[in-house]
Amino acid sequence: MTQASDIIVFQRNPVRVEQFNAPAERRLEGDCAQTVENHYSDPSGQFHAGIWSGGCGRWRVKYHEHEFCTLLEGYVRLTDLQGDSVELYAGDHFVIPAGFEGEWEVLEPARKTYAIFEPR
């Protein structure tokens, strides 16, 4: 049975910070430096939640997962393969559906919360 003590409050649940750059073959501009603080993964390994941050840069993405985000800081642009884009600013809540393919561009250093569902 799940109890109140099982609730994850990010600020009270310090985790290891993972630092990385987008793989070289996906980078289009900049070093694409990123960090992830994954605060929760469910037992099935299909659901994850945490905090992501990234420096300025642009790289190719292909989403197999569904992702809900809240942009806490910064300014980013997502562009699909047809060249259509959406610009996102601090305070925006958004979903990237599985199947989205295109480019992720950080125009001002960004930080977001995320909740990801990766269907099997």
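Trainee: How far apart are the closest N and O atoms in the salt bridge of Glu 18 with Arg 16?
Mentor: A salt bridge here is a side-chain nitrogen of Lys or Arg within 4 Å of a carboxyl oxygen of Asp or Glu. Glu 18 is partly exposed, with a relative accessible area of 35%, and Arg 16 counts as exposed at 63%. Buried means under 20% relative accessible area, exposed over 50%, and partly exposed in between, with a 1.4 Å probe and protein chains only. The closest N and O atoms of Glu 18 and Arg 16 are apart by 3.6 Å.

Trainee: What are the ground rules for these values and residue numbers?
Mentor: This is a predicted model, in which local features need pLDDT of at least 70, side-chain atom pairs count only at pLDDT 80 or more, and totals for chains, interfaces and linings use all residues. Side-chain values use heavy atoms, with hydrogens and water left out, and residues in each chain are numbered along its sequence as written, from 1.

Trainee: How many salt bridges does the structure hold, and which residues are linked in a network?
Mentor: The structure holds seven salt bridges. A network of them links Glu 29, Arg 58 and Glu 103.

Trainee: Which parts does the salt bridge of Glu 103 with Arg 58 tie together?
Mentor: The closest N and O atoms of Glu 103 and Arg 58 are 2.8 Å apart. The pair ties together parts 45 residues apart in sequence, because Glu 103 lies in strand β9 (residues 101-117) and Arg 58 in strand β5 (residues 57-62). Strands (E, at least two residues) are DSSP runs, numbered from the N terminus. The parts tied together are β9 and β5.

Trainee: Is Glu 103 buried or exposed, or in between, and what does it touch?
Mentor: Glu 103 is partly exposed, with a relative accessible area of 24%. Its C-alpha atom is separated from that of Ser 85, 18 residues away along the chain, by 9.1 Å. Contact means heavy atoms within 4.5 Å. Leaving aside neighbours within four places in sequence, Glu 103 is in contact with Leu 28, Arg 58, Trp 59, Arg 60, Val 61, Arg 77, Leu 78 and Thr 79.

Trainee: Which strands hold the salt-bridge partners Arg 77 and Glu 87?
Mentor: The closest N and O atoms of Arg 77 and Glu 87 are 3.0 Å apart. The two residues lie in parts ten residues apart in sequence. Arg 77 is in β6 (residues 66-80) and Glu 87 in β7 (residues 85-89).

Trainee: How many bridges join β6 to β9?
Mentor: Two strands pair if DSSP finds at least two bridges between them. β6 pairs in the antiparallel sense with β7 over five bridges, and with β8 (residues 93-96) over four. The number of bridges that join β6 to β9 is 13.

Trainee: Which residue takes a positive phi in the hairpin of β6 and β7?
Mentor: Thr 79 stands opposite Ser 85 in β7. The hairpin has four residues between the strands. The residue with a positive phi, near 95°, is Gly 83.

Trainee: What is the angle between the planes of Tyr 75 and Tyr 89?
Mentor: Rings of Phe, Tyr and Trp (its six-membered ring) pair if their centres lie within 6.5 Å; planes under 30 degrees apart count as stacked, over 60 as edge-to-face and the rest as tilted. A search of the whole structure finds five such pairs. Tyr 75 and Tyr 89 are stacked, 4.7 Å centre to centre. The angle between their planes is 5°.

Trainee: Which residues form one aromatic cluster?
Mentor: Trp 59 touches Trp 52 and Trp 104, among others. The cluster is formed by Trp 52, Trp 59 and Trp 104.
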